[in-house]
Amino acid sequence: MLKNKVAIVTGGTRGIGYAIVKKYLENGAKVILFGSREETVSKALQSLKEENANWIVEGAYPNLSDADAVEKEINAIAEKYGRVDVLVNNAGISDSTKIDDYQPGGFEKVMNLNVLALYNTIKPSVKVMKQQGGGCIINMSSMVSKFGQPGGVAYPTSKFAVNGMTVSLARELGPDQIRVNAVAPGVTRTDMVAALPEEMIAPLVARIPLRRIGEPEDIANACLFLASDLASYVTGEILSVDGATMS
Ligand code: NAD
């Protein structure tokens with residue numbers, strides 16, 4: 001479904017991002033995964049190469065808050081591969097700090113990675129996509145972008161902003177044949193959730209009509225669809241992948 005497309009996936013070293021990288025590789029894409037540290041990037045690359053030595057995948061770890069560093073990296077990728085077809089902005093951090101407990105910089109830390117970093121990756125990618133006549137951007141939102149959450153207000157605030165950036169850029173970049181969509185996962189079984197005890201998971205599951213939490217592959221499948229030509233007329237969409245979770 002993605003034969004020969006060149007895709008960048010941020011936060012591709014573990015969890016949802018790793019599942020997206022693997023799904024894209026299985027579907028013929030060449031993937032550059034971004035992580036935060038050399039060590040975790042190498043580990044992810046090693047495990048992907050063990051799965052299939054023929055996959056074309058490499059890694060980088062630019063500081064996503066540093067616009068210049070990100071631009072340099074994306075330009076180098078465009079130079080090497082000749083194009084950037086898909087950008088998946090998946091890297092993100094969650095937050096559960098109560099409003100009274102926020103320390104200086106705490107709110108900004110979440111906004112910097114969950115919002116500003118998206119702007120930093122999108123800007124240079126759009127330049128390349130315009131030159132090549134089109135492309136596709138997928139931003140990772142969350143179900144909290146619809147429901148909010150009681151605590152860690154920076155996190156839902158950032159994901160509402162992700163939705164706003166997504167629909168606005170879809171309108172701005174549509175004439176350039178650049179599609180911009182977001183995926184809004186519900187609770188998904190990544191390291192963070194796997195560590196929760198069963199007694200915390202059970203009440204969550206009871207409120208989900210499909211009666212299970214999401215798997216990283218559920219989210220990766222949505223990202224595969226949105227990146228593929230099957231979604232050629234889909235833009236400005238915030239696609240919930242949450243089993244119809246209720247607030
Ligand atoms: P995770 O913590 O397992 O992985 C996060 C990824 O982001 C990692 O690859 C990590 O390297 C990267 N990252 C973290 N901080 C970084 C930084 N400062 N610079 C660069 N990269 C950094 O998380 P996940 O559960 O796989 O979440 C991925 C995305 O999905 C996030 O945007 C998250 O908000 C969203 N999401 C997750 C869930 C869930 O239940 N897991 C639900 C809704 C939305």
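What share of the contacts with a separation of 6 or more in the protein comes from residues 24 or more positions apart? The points below begin with that figure and then move to single elements and residues.

1. Overall fold. The model is predicted. Residues 24 or more positions apart make up 75% of the protein's contacts with a separation of 6 or more. The protein contains 9 helices and 7 strands.

2. Size and surface. A compact globule of 247 residues would have a radius of gyration near 18 Å, and the protein, at 17 Å, agrees with this. Along the principal axes, the C-alpha atoms fill a box of roughly 50 × 40 × 35 Å. Of the 247 residues, 48% count as buried. The accessible surface is about 12200 Å², and carbon and sulfur atoms hold 53% of that area.

3. Helix H3, length and ends. H3 covers residues 67–81, which is 15 residues. From the first C-alpha to the last the helix reaches 21 Å, close to the 21 Å expected at 1.5 Å a residue. At the start of H3, a side-chain oxygen of Asp 66 comes to within 3.1 Å of the backbone nitrogen of Asp 68. After H3 comes Gly 82, with a positive phi near 85°.

4. The buried residues of H3 are Val 70, Ile 74, Ile 77, Ala 78 and Tyr 81. Viewed down the axis of H3, these residues fall within an arc of 100°, so they line one face of the helix. The general rule is that an α-helix has 3.6 residues a turn, so residues three or four places apart point the same way. Asp 68, Lys 72, Glu 79 and Lys 80 lie on the other side of H3 and are exposed. The buried residues of H3 pack against strands E1 (6–10), E2 (30–34) and E3 (57–60), and against helix H4 (106–132).

5. Thr 10. This residue lies in strand E1. Is Thr 10 buried or exposed? Its relative accessibility is 2%, and the limit for buried is under 20%, so Thr 10 counts as buried. A polar atom of the Thr 10 side chain lies 2.9 Å from the backbone nitrogen of Ala 91. Leaving out residues up to four places away in sequence, Thr 10 touches Phe 34, Leu 64, Val 88, Asn 89, Asn 90, Ala 91 and Thr 121.

6. Two residues with positive phi. Most residues other than glycine have a negative phi. Gln 177 has a positive phi, near 60°, and sits in the loop between helix H6 (154–173) and strand E6 (178–185). Because its relative accessibility is 54%, Gln 177 counts as exposed. Arg 211 also has a positive phi, near 55°, and is placed in the loop between helix H8 (198–206) and H9. At 53% relative accessibility, Arg 211 counts as exposed.

7. Val 234. The loop between helix H9 (216–227) and strand E7 (238–241) holds Val 234. With a relative accessibility of 22%, Val 234 counts as partly exposed. Which residues is Val 234 in contact with, leaving aside neighbours within four places in sequence? They are Arg 179, Asn 181, Phe 225 and Leu 226. Val 234 and Ala 170 are 64 residues apart in sequence, while their C-alpha atoms are 9.6 Å apart in space.

Note on methods
Residues are numbered from 1 along each chain as its sequence is written. This is a predicted model: local features need pLDDT of at least 70, side-chain atom pairs count only at pLDDT 80 or more; totals for chains, interfaces and linings use all residues. Side-chain values use heavy atoms; hydrogens and water are left out. Helices (H or I, at least four residues) and strands (E, at least two) are DSSP runs, numbered from the N terminus. The expected span of a helix is 1.5 Å times one less than its number of residues. Buried means under 20% relative accessible area, exposed over 50%, partly exposed in between (1.4 Å probe, protein chains only). The arc is that of the directions from the helix axis to the C-beta atoms. Contact means heavy atoms within 4.5 Å. A polar contact is a pair of N or O atoms within 3.5 Å; within protein, one must be able to donate a hydrogen and the other to accept it, and residues adjacent in sequence count only if both atoms are side-chain atoms. The radius of gyration is taken over C-alpha atoms; the globule rule is 2.2 Å times the number of residues to the power 0.38. Accessible areas come from the Shrake-Rupley method with a 1.4 Å probe; for residues, only the protein chains shown count as cover.
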